[in-house]
Amino acid sequence: MRKICLFLREYCRREPLCSGVFLYVLLSFAPGLFGGGSLWLICAIRYILPGVLAWVIALTCFDAPRPSDGFYGCVKSVLWSSPAALFCIINILVGTFSPGENVILPVFAAVSEELLCRLMLYCALRLYFQGQERGELSAVLVSSVLFGAAHLSNLGTSVTAVVLFQCCYTVVIGMIFANGYRRSGSVCGSILWHVLLNLTGTLFVWS
């Protein structure tokens, strides 16, 4: 088992683009194939477990930086990711308040998506673009485009125009969050704003 883990680790470092994208797709969509169950079982299988795995993979395979600024780094992350507040305000202004909606899944989904995309995928792409001019910005852009493209999975459950619009604005949100992580070394801010974004989008339904 140890040899297998070492082999996979070396492969990820040698081929960060292929392995990073593959792991992102696998951990994002494969858990959804498992059936229903209780709310907490769904959260554990679809969000908590993939998020924890993404965190471990980012640290061990893709050289994710360990936050060194502590509380100060979290504050920087919150500030750099704060333009996402505009999208929260739009949700509130345009949507109609719908109390009683399930907010547990959106919260766990936000945390999981940040660990998967902003931590694991971004660090894999940064490793891939390492040494290139504007390499970190390229990692920000590509990871954000992949994050937006992942929302094409909603085509089966929503109107095409709505899904395409969602893909476009999630690319912008992804760029804000990825840049916040790049600037601060912490995903605390993107997690906070992503949770607020999901909550406002859930509780204030667009009419």
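## The chain from end to end

In what order do the elements of the chain run from the N terminus on? They go α-α-α-α-α-β-α-α-α-α-β, and the chain has nine helices and two strands. Here helices (H or I, at least four residues) and strands (E, at least two) are DSSP runs, numbered from the N terminus.

A word on the source: this is a predicted model, where local features need pLDDT of at least 70, side-chain atom pairs count only at pLDDT 80 or more, and totals for chains, interfaces and linings use all residues. Residues are numbered from 1 along each chain as its sequence is written, and side-chain values use heavy atoms, with hydrogens and water left out.

## Overall size

Along the principal axes, the C-alpha atoms of the chain fill a box of roughly 50 × 40 × 35 Å. A compact globule of 207 residues would have a radius of gyration near 17 Å, and the chain agrees, with 17 Å. This radius is taken over C-alpha atoms, and the globule rule is 2.2 Å times the number of residues to the power 0.38.

## Helix 8 and its partner

Let's look at helix 8, residues 160-184. Its 25 residues reach 36 Å from first C-alpha to last, close to the 36 Å expected at 1.5 Å a residue (the expected span is 1.5 Å times one less than the number of residues). Just after helix 8 comes Gly-185, with a positive phi of about 75 degrees.

Helix 6 (residues 104-128) packs against helix 8 at an angle of about 60 degrees, with the axes 11 Å apart. Axes are lines fitted to C-alpha atoms, for helices over the stretch in contact, and angles run from 0 to 180 degrees between N-to-C directions. Helix 6 is therefore oblique to helix 8; angles under 35 degrees count as roughly parallel, over 145 as roughly antiparallel, 65 to 115 as roughly perpendicular and the rest as oblique.

## Helix 3 meets helix 6

Now for another pair. Helix 3 (residues 39-61) and helix 6 pack at about 20 degrees, their axes 9 Å apart, which means that helix 3 is roughly parallel to helix 6.
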